[in-house]
Structure formats: structure tokens, C-alpha cells
Amino acid sequence: MELNRRTVIAGAAAAGIAATTLGGTAEAAGSRKPTKKLFGTLADGTKVHIWSLANGGTRMKVLSWGGVVQSLEIPDRRGHYANVSAGFDNIEDYVAKTPYFGALIGRYGNRIAKGQFTLDGKSYQLSVNDGDNSLHGGSQGFDKRVWDVEPFTKGSDVGLHLYYTSVDGEMGYPGTLKVKVTYTLTRHGEWRIDYAATTDKATVVNLTSHVYWNLGGEGTGTIEDHELRIAASRYTPTDSGLIPTGELAKVAGTPFDFRKGKAIGRDIRTGHPQLVTAKGFDHNWVLDKGITARPEHVASLRDPHSGRTLKIATNEPGLQFYSGNFLDGTLVGPSGHTYRQGDALCLETQHFPDSPNHPSFPSTVLRPGQTYRTTTIHSFGA
């Protein structure tokens, strides 16, 4: 039987588990207002702060650098906490290295072919940082910017408002884009992300979060035994540069069929050409629900050893599943363990990669007078 967060906490309390195990009675039952302290200082003297908050049994630490989720702790079936998000324990690594651990991604999540697109008859050249392509907003995307952070409490919820203004021409994108992202921890321990943006010129926008998950705990090894389900009958195959070909291919009869749920490692070494090219899964799934007015459940992840579960709901049309293919053992997490291939995974809710160059894909164009809005909700259990 799968237990929800409140059941885990209530059961632990009934069993007399110490307050320190569940982070304190007040934290487990209610909330802890966001607090901040210095995390590090950039070369130009800019201070980077780390914010700590908790609610409904979920604990989170967020950096003003890149809106990074530096740590996210949830309990297992026995009430034991672990950080399930990969990251670093120092600002120097976040600045110098580019795995996008826990970061807010923009202006455009995922890849744009050759860093080029045409909008309203005008061509734009973006920052190229992934071979010939632009990835996750370019070499200095939103993950490499310091965000303004405003804490809040609202009823039984706690959270952070994050603000960033991307000026016209930054990384080659047109228009001054004003962005507000809200991280909310609800009384049920859910982590909700609300994205909003406006522009003064027509532009393209595709914001997402790049948390690397390991529900067994950060630094504990492979995620190939995690069981994943994705509510998608099609995906977007890619070329050798991991750019979508434009085809919406059926997952039936392929390793990309996660509709009924299966272990990630079951088919990852089958030799399918798409898996060989990407060195694993690094593809966009076309969600069956399409674009919806409200977030709908689209994916589930479960670690069979700890019992921890993650459910994702979104109003976005796509989900990029990345199986940590390029983790190569050179990055060291807060646990002191190195991250090797397949030690963490990403589930990025989004519009499709390279949409500006595929008119048949859902549009990512934002115009003056419009407001970009999208929401993703992460629900945890054990």
C-alpha cells in the first residue's frame, strides 16, 4: 500500500519517533518560515544566499544563484529523511560547472537547433553552448544568474517568490522579459512551481526546473531500479545533435513506452538507435493530455528500496526525461560521493525542444500584452 505524506508523519508520531527524525514536531505538523544565510560570494562581490523552508514534512533549501534547489529532503517509509536532489555544497562549483543541478532554466529550456530561429520575419542568433546548438538558454542562462528572492507565508503555505529581468538581447533573445517564479511548499508537503513572465517584444519562452532526482538519496548510486510511469503515447525522436526531427513517434513496442510503468534500467541497454545516440534516455515525451488549463498528473517515480515516491502534475504538453547520461564521475555532491552515469534523473515539464523551428509543435511565442503562465506540482509519499 502506498502511504501519503500525512500517513507517514502520523505513523512516525504514533510510534514515538524522536522529533529530530522528522525535523521537529512543528516542522512535521506545520511549517517553518523561510530563513536565509550566506552561501557564498561571487568574484564581483555579489553575495549568494541559501534559503531554508519546510512544510508538511518536506524540507527545502534554495539558492538565490539560479533559483537552485540545493537540497530537498523527504522521509522514507520508516520516516527517515534523505536529500533526494543532486547538487553541490559550495558556490564555486555552481559557478564553474554546468550540469544544471536543481536550477531554474530559461529563457528556453532544452535545445534550439544551431541557436537560430525566425520570428515575425526576423532571424535571431542565440548563444551556442552545446555543440552547434543552444541549450537551456545559452552559456549564461537563468541558471547562471542571481535572482531576487522574497519569502512569504500564505495561510498554511510557505514559499519563495523569485524575480529576474532578462534584458533585450541577453543571450540573443529579443525583448526584455520579466520573470517571476514562485516555489510553494504546501501543508501536504507538495512542492509547487508557478512560472510567470511578460515581455515588451515578441519572443520565445520555455521555462522549467532541472532538479536531478534520486529517491534513494543523493549520492546513493544508480536510479536504474527506480520505477517510472509517463502518461504519453508518443515522443519526439532526435537527430545526432539531440534535436527533434519533427516526428511524433509512437512509444508502443519501443523502450520509450513507460505508460504502465517499469524500471528505468529494464530497456536502457537494448541498443535502440535513439538510446545509443543519447547514451540513454534524453527525450521529450508528448503527454497524452496536451496543454491543459490546470495541472494534471503525468508521471510517477518510485524507489523500491526506500519506498519514496514522486508524482508530477503539470499543465505543460511535454516532459523531458533525462537519465543522467552525461554524469561522468567528475562531480562531487554534498554527501562527498561522486555522480556517475545514471546516478540521478531529471523530469522536466516543458514545451517541446526546438519548437521555434517546428511550426507543428505547440507554440512557445510570447507577445507584449500576454502573460506566460505554467504550473508544475511535485507530490511526495512513501
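Is Thr199 buried or exposed? I looked that up before anything else. At 8% relative accessibility, Thr199 is buried (under 20% relative accessible area; exposed is over 50%, partly exposed in between, with a 1.4 Å probe and protein chains only).

Ground rules for these notes. I am working on a predicted model, where local features need pLDDT of at least 70 and side-chain atom pairs count only at pLDDT 80 or more, while totals for chains, interfaces and linings use all residues. Residues are numbered from 1 along each chain as its sequence is written, and side-chain values use heavy atoms, with hydrogens and water left out.

**Thr199**

I find Thr199 in strand 14 (residues 191-199); strands are DSSP runs of E, at least two residues, numbered from the N terminus. A polar atom of the Thr199 side chain lies 2.6 Å from the backbone oxygen of Lys201. Skipping residues up to four places away in sequence, I get Thr199 touching Gly175, Thr176, Leu177, Leu366, Arg367, Pro368 and Gly369 (contact: heavy atoms within 4.5 Å).

**Glu348**

Next I went to Glu348, in strand 27 (residues 346-350). Glu348 is buried but has no salt bridge, and the nearest side chain of opposite charge, Arg111, is 7.8 Å away. The salt-bridge cut-off is a side-chain nitrogen of Lys or Arg within 4 Å of a carboxyl oxygen of Asp or Glu. Not counting residues up to four places away in sequence, Glu348 touches residues including His136, His210, Gln320 and Tyr322.

**Cores**

I then checked the nonpolar cores, meaning buried Ala, Val, Leu, Ile, Met, Phe, Trp, Tyr and Cys joined through side-chain atoms within 4.5 Å. The largest has 57 residues, and Tyr183, Trp191, Trp213, Trp285 and Phe321 touch the most other members. Strand 13 (residues 177-185) gives the most to this core, with 5 residues. A second, separate core of 23 residues includes Val48, Ile105, Tyr322 and Leu331.

**Aromatic pairs**

I count 26 aromatic pairs, with ring centres within 6.5 Å; planes under 30 degrees apart are stacked, over 60 edge-to-face and the rest tilted. Phe142 and Tyr164 sit edge-to-face, 5.3 Å centre to centre with 65° between the planes. Phe142 is in the loop between strand 10 (134-135) and strand 11 (148-154) and Tyr164 in strand 12 (residues 157-166), so this pair ties together parts 22 residues apart in sequence. Phe142 is buried at 2% relative accessible area, and Tyr164 is buried at 11%. Tyr235 and Trp285 make a tilted pair, 6.4 Å centre to centre and 35° between the planes. That pair links strand 18 (residues 232-236) to strand 21 (residues 282-287), with Tyr235 and Trp285 50 residues apart.

Note on methods. Helices (H or I, at least four residues) and strands (E, at least two) are DSSP runs, numbered from the N terminus. A polar contact is a pair of N or O atoms within 3.5 Å; within protein, one must be able to donate a hydrogen and the other to accept it, and residues adjacent in sequence count only if both atoms are side-chain atoms. Lys and Arg count as positive and Asp and Glu as negative; His and the chain ends are not counted. Rings of Phe, Tyr and Trp (its six-membered ring) pair if their centres lie within 6.5 Å; planes under 30 degrees apart count as stacked, over 60 as edge-to-face and the rest as tilted.
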